[in-house]
Amino acid sequence: MYYEEPGARESLGLRTPKHEDLFHSHPEYKVERDDAKCIRCLCCVRQCPYETTFYDPMRNVVYDVHSNCVNCKRCEVMCPTQAIEIKKWGCGFRENHHWKFRDYGAAYKQSDTGAVVLTGLGNDNPYMSYFDRMVLDASQVTNPSIDPLREPMELRTYIGRKMENLEDFGKESFQEYPNILAEVPIAFAPMSFGAISLNFQKGMAAAAQELGTFFNTGEGGLHEDLLPYKDNAIVQVASGRFGVSKRYLMNSAACEIKIGQGAKPGIGGHLPGEKVTAEISKTRMIPEGSDAISPAPQHDIYSIEDLRLLIYAIKEATEYTRPVSVKIAAVHNVAAIASGIVRAGADIIVVDGFRGGTGAAPKIIRDHVGIPLEVALAAVDERLRREKIRHMASIIATGGIRSSADVVKAIALGADVVYIGTAAMLSAGCTLCQQCHRGKCAWGITTNRPDLLARLPVEMAKERAINLVKGWSREVKEMLGLMGLNSIESLRGNRLKLRGVGLTKLELETLGIRQAGV
């Protein structure tokens, strides 16, 4: 008969269930282990940072605390005998089409803690994707397609303000504006050191340099290790002004003012003090262990005129050698806001849709605030063209770009370039477990714990990011060729190359595209 020592369960991280646990600790996932295959190598115990798996040496048994499992897949992938499988827990509650697990799970958690439910990544609610309701045109007889394997295809694009008339070139009144050259119309989205690991950020920086594109530092400052990649860096100035100095602004290809973020429009950011290590403290220029709080508004910006002052302050600090970008969330009046931003002097506008990812956000805000990128992008491009100021700023689209098809459709809707964030994380091994805010990422992407950092070598992050962008670029060339185009510039804002499927008349008008078959 097995005798359990007093306190044995507690020493293993286990405890005797209480009555309220029957409801409040209803797990979402279950760790199924084939005991016949398990060789007790304890790889799963070492690999799980979420304290899900424990080993009892007295009984030679591996236990699982199922309520701790986040389905990050690390134990499944690393198990040498493939003895582990993560599954949904049971049959759930009685079937209810109105109350889903995300609803009652959050209600139970808040009843226990009285806290705001946080999450990571982007909106995962089943809202319709307009990208999935648009198809591309293809050339046939009268406008033959182009073979990208035999004929040159131009993917490079210049980002920044352009001259209004070519006739002005060379004249005394001619004014040259700083532009940055992207060899591919894909750049890496703003993700700050602290929210992501230094290894992942260095991998993206190195990949951007090799690809001839750009990475964005996010609001966390520029780490000293990233200085070799400064010519491919877009540095961000957010409400917390972390790490901002003239040196920071000059060590860049472009500067970006962050007003809003697609995953959490209208609110600020918060990096908990326990995540602020010595390296993060030095980079962000804040005390080690202190909370890094970005206020909801920039406290010196309450109007377009205030924004203009900051835009020109940055231009003055960089001696008018860097284009200045302004990033906004996709919201209901986004076109009018974008028009004001361009007139305030911004050289680039970044529009971030509500599918955009984040390191941490209140789940209720991430899932219910903002509008889709597709409609916001179309509205902004149309407004700037109608006001004849489209040449005054480039548009970068971000927030839910999943594939090269989304890239092509975004450019046809009016973007010059797209940012990718979640896709870049997927290239490094992300499994979309949405636990970025906890700093325990099992894949070494959104953590700076020394024991987890080693799981993502810089070279691996770099190589996989390069492979992803190269693969997408080849597909973009194929799609350009089948449309009879040989340059990305010919596609920008060319909505005649798009057709809608299953959209209402109002949706087609908003997107500026025609119904399929017309």
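Helices here are DSSP runs of H or I with at least four residues, and strands are runs of E with at least two, both numbered from the N terminus. The model is predicted, so that local features need pLDDT of at least 70 and side-chain atom pairs count only at pLDDT 80 or more, while totals for chains, interfaces and linings use all residues. Residues are numbered from 1 along each chain as its sequence is written, and side-chain values use heavy atoms, with hydrogens and water left out.

We can begin with helix α5 (residues 101–113), where Y104 and Y108 both lie, 4 residues apart, or about one turn of the helix. Rings of Phe, Tyr and Trp (its six-membered ring) pair if their centres lie within 6.5 Å, and their planes count as stacked under 30 degrees apart, as edge-to-face over 60, and as tilted for the rest. By this rule there are 3 aromatic pairs. Y104 and Y108 form an edge-to-face pair, with 6.4 Å from centre to centre and 65 degrees between the planes, and ring pairs link F101, Y104 and Y108 into a cluster. A residue is called buried under 20% relative accessible area, exposed over 50%, and partly exposed in between (1.4 Å probe, protein chains only); Y104 is buried at 13%, whereas Y108 is partly exposed at 22%.

Y127 and F354 form a tilted pair, 5.4 Å centre to centre with 45 degrees between the planes. Because Y127 lies in the loop between β5 (118–119) and β6 (134–136) and F354 in the loop between β16 and β17 (361–362), this pair ties together parts that are 227 residues apart in sequence. Y127 is partly exposed at 35% relative accessibility, while F354 is buried at 7%.

Next comes the interior. A nonpolar core is a set of buried Ala, Val, Leu, Ile, Met, Phe, Trp, Tyr and Cys residues joined through side-chain atoms within 4.5 Å. The largest such core has 103 residues, and those with the most contacts inside it are F188 and F200. Helix α16 (residues 458–482) gives the largest share of this core, 8 residues. Contact means heavy atoms within 4.5 Å, and F200, leaving aside its neighbours within four places in sequence, is in contact with M191, A424, M425, A428, I445, L456 and A461. Apart from this core lies another of 14 residues, among them I159, A187, I348 and V417.

Helix α10 (residues 334–343) is mostly covered, with 7 of its 10 residues buried. The buried residues of α10 pack against α9 (304–317), β15 (324–329), β16 (348–352) and α12 (373–386).
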